[in-house]
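Here is a short report on ring pairs, charges over rings and helix packing. Please keep the model open while reading.

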Amino acid sequence: MDKFQEKNYSRIKIFLLKKDFKGFTKKDLFIMQFIKKGWGQDIAALSNMAEALTNIAISEQKPLDEIKELMIELVKKALHKSVSPYNQDISNIKSLGQYGYYLEHLNIILGCYQRVINDDYIELNRRVSEHLLANSMKYSNYHAPLLPNSKMKWAADQAAIIYSLWLFDMNNKTSLHSELAYKWIEYMKLKGTHKSTGLFITEVQNVKKFSNQPRGCALSYLIHYMSKFEPEVAQEQWGLYKKHMLVKRIGFKCFREYLPNYKSKWTPDSGPIIAGVGIAASGLGMNAATSVKDIETFLLIYKGAKAVLLLINLIKWIPGAHIISRIANDMLASAIFLNANTKVNWY
C-alpha cells in the first residue's frame, strides 16, 4: 500500500474497532452536517469498506486475522439499530419491506463476509437475496422499491441489488441473479437510455426533473456494480460516460455531474458541484475505472484527487476550512478511495 492507501485503511480500521459505537456522527460523514439521518450514506460507507477489506484479504496486503476482526465489527455496525431501518433485530422481522437501499448494501456486506470468513450469515444473506429478487421481479421496470415513502427508483441502486445477488450466486453456486439481470438490462436498453448520448438514465419512475438525465454520481456507481454481472454493457456505458462527461479542470481529469447542456443543482448524492464537476461522480468514478480495468483513467483522476486532498490537508487550519476537509476525509470517501485503490478479482 502507498501512503494514501495506508491513511484510508488506518482511518477505517480505527472507526471499525470503536467499542462504543452508537451510530455515525457528523465527524464521520460530511453529509450529516446538513442532514441528520445521513441519507443512507452510513450503510453505503460500510458496504464500500466491506469491498475494500475483501480486496485486501484476497491480495494478502494485511494479515487475514486482522481483516477478519474488522469484517466482524463491520457486520455488527451494519446491523446496529442506528444504521438499520428496523426497530429490532432483523432476524425477528417478519417482512423486510421496501427498504431496498439498506438491504442492497447489507447484502453486499454479507456476501463479502462469506467470501472472506465463512457462512455464519448465510441464512440472512439468502433471505435478503430472495426478498430483493422478488421485490425486483414484481415490477415491469425490474426495479425494487428503495424506501417505503419514496417513489424514486435509481438504476444505480438496482445495479447494486443485482450485484449483491451475483455475489451470493458466486459464493454459493446458485443463479438467483441471472433472469433479473437479463430483464433489467433489456429494460434499460429499451426504456432507460438517454437518446442523444446512449447513457443509462438516472431514475426510472420519472419523479424528478433529472430522472431522464444521465448523472455522474449515478453512472459511476452503476458501472462499478454492473461490471461484475454484465461486463460488456458496463464497458459500453463506461466508454460513453468518458466521451460525454469526462473533462479536464486545472490540469486534472474528473467527471461532470450533469451533461454540459443540462442545468441543475447539487444534491446529497452528488456532493458539491464545482465548475460542472461532481465530487461524488469523480470519487466514485475512480472505483468504476478500476472495476472496468481502465487503469489509465483511474490514475488520471487519482492524481488530481491526491493533489486536492494534499491541498485540503495543508489549509485545514484556516478557519472554516475544516468543513471542506471533512468532505474528502469522511468514512464514505475513505472507503470508496480504498475500494478503488485495492481492486482485485475475487473469483
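**Aromatic pairs**

The model is predicted. The count of aromatic pairs comes to 20. One of them joins Phe 4 and Phe 337. Their ring centres are 5.7 Å apart, and the planes stand at 45°, so this pair is tilted. Phe 4 sits in helix H1 (residues 3-16), whereas Phe 337 sits in helix H13 (residues 331-341). The pair therefore ties together parts that are 333 residues apart in sequence. Both Phe 4 and Phe 337 are buried.

Which geometry do Tyr 221 and Tyr 225 adopt? Their centres lie 5.1 Å apart with planes at 70°, so the pair is edge-to-face. These two tyrosines are 4 residues apart in helix H8 (residues 216-229), which means a separation of about one helical turn. Tyr 221 has 13% relative accessibility and counts as buried. Tyr 225 is buried too, at 1% relative accessible area. The cut-off for buried is under 20%.

Tyr 221 and Tyr 225 also belong to one aromatic cluster, together with Tyr 163, Trp 166 and Tyr 347.

**Charges over rings**

Tyr 347, a member of that cluster, has Arg 115 over its face. The distance from the ring centre is 5.4 Å for Arg 115. Elsewhere, Arg 215 lies over the face of Phe 210, at 4.5 Å from the ring centre.

**Helix packing**

Two packed helices are described by the angle between their axes and the distance between the axes. The table gives these values for two pairs.

| Helix pair | Axis angle | Axis distance |
|---|---|---|
| H5 (residues 122-137) and H7 (residues 178-191) | about 35° | 11 Å |
| H1 and H2 (residues 41-59) | roughly 115° | within 12 Å |

The crossing of H5 and H7 is left-handed. On the H5 side, the contact is made by Leu 133, Ser 136 and Met 137. H7 supplies Glu 179, Leu 180 and Lys 183. By class, this contact of H5 with H7 holds 3 nonpolar, 1 polar and 2 charged residues.

H1 and H2 also form a left-handed crossing. From H1 come Tyr 9, Ile 12, Phe 15 and Leu 16. They meet Leu 46, Met 49, Leu 53 and Ile 56 of H2. What is the make-up of the contact of H1 with H2 by class? There are 8 nonpolar residues, with no polar and no charged ones. H1 is also the helix that holds Phe 4.

Asp 157 is found in helix H6 (residues 155-172). Its relative accessibility is 5%, so Asp 157 counts as buried. Leaving aside neighbours within four places in sequence, Asp 157 is in contact with Tyr 101, Glu 104, Leu 146 and Tyr 221. Tyr 221 is the residue paired with Tyr 225. Asp 157 and Ala 218 are 61 residues apart in sequence, and their C-alpha atoms are 8.4 Å apart in space.

His 224 is found in helix H8. Is His 224 buried or exposed? At 3% relative accessibility, His 224 counts as buried. Beyond its neighbours within four places in sequence, His 224 is in contact with Glu 51, Asn 287, Ala 288, Ser 291, Asn 339 and Lys 343.

Methods:
Residues are numbered from 1 along each chain as its sequence is written. This is a predicted model: local features need pLDDT of at least 70, side-chain atom pairs count only at pLDDT 80 or more; totals for chains, interfaces and linings use all residues. Side-chain values use heavy atoms; hydrogens and water are left out. Rings of Phe, Tyr and Trp (its six-membered ring) pair if their centres lie within 6.5 Å; planes under 30 degrees apart count as stacked, over 60 as edge-to-face and the rest as tilted. Buried means under 20% relative accessible area, exposed over 50%, partly exposed in between (1.4 Å probe, protein chains only). A charge sits over a ring if NZ of Lys or CZ of Arg is within 6 Å of the ring centre and within 35 degrees of the ring normal. Axes are lines fitted to C-alpha atoms, for helices over the stretch in contact, and angles run from 0 to 180 degrees between N-to-C directions. A crossing is left-handed if the near helix is turned anticlockwise from the far one by less than a right angle, and right-handed if clockwise. Contact means heavy atoms within 4.5 Å. Ala, Val, Leu, Ile, Met, Phe, Trp, Tyr, Cys and Pro count as nonpolar, Asp, Glu, Lys and Arg as charged, and the others, Gly among them, as polar.
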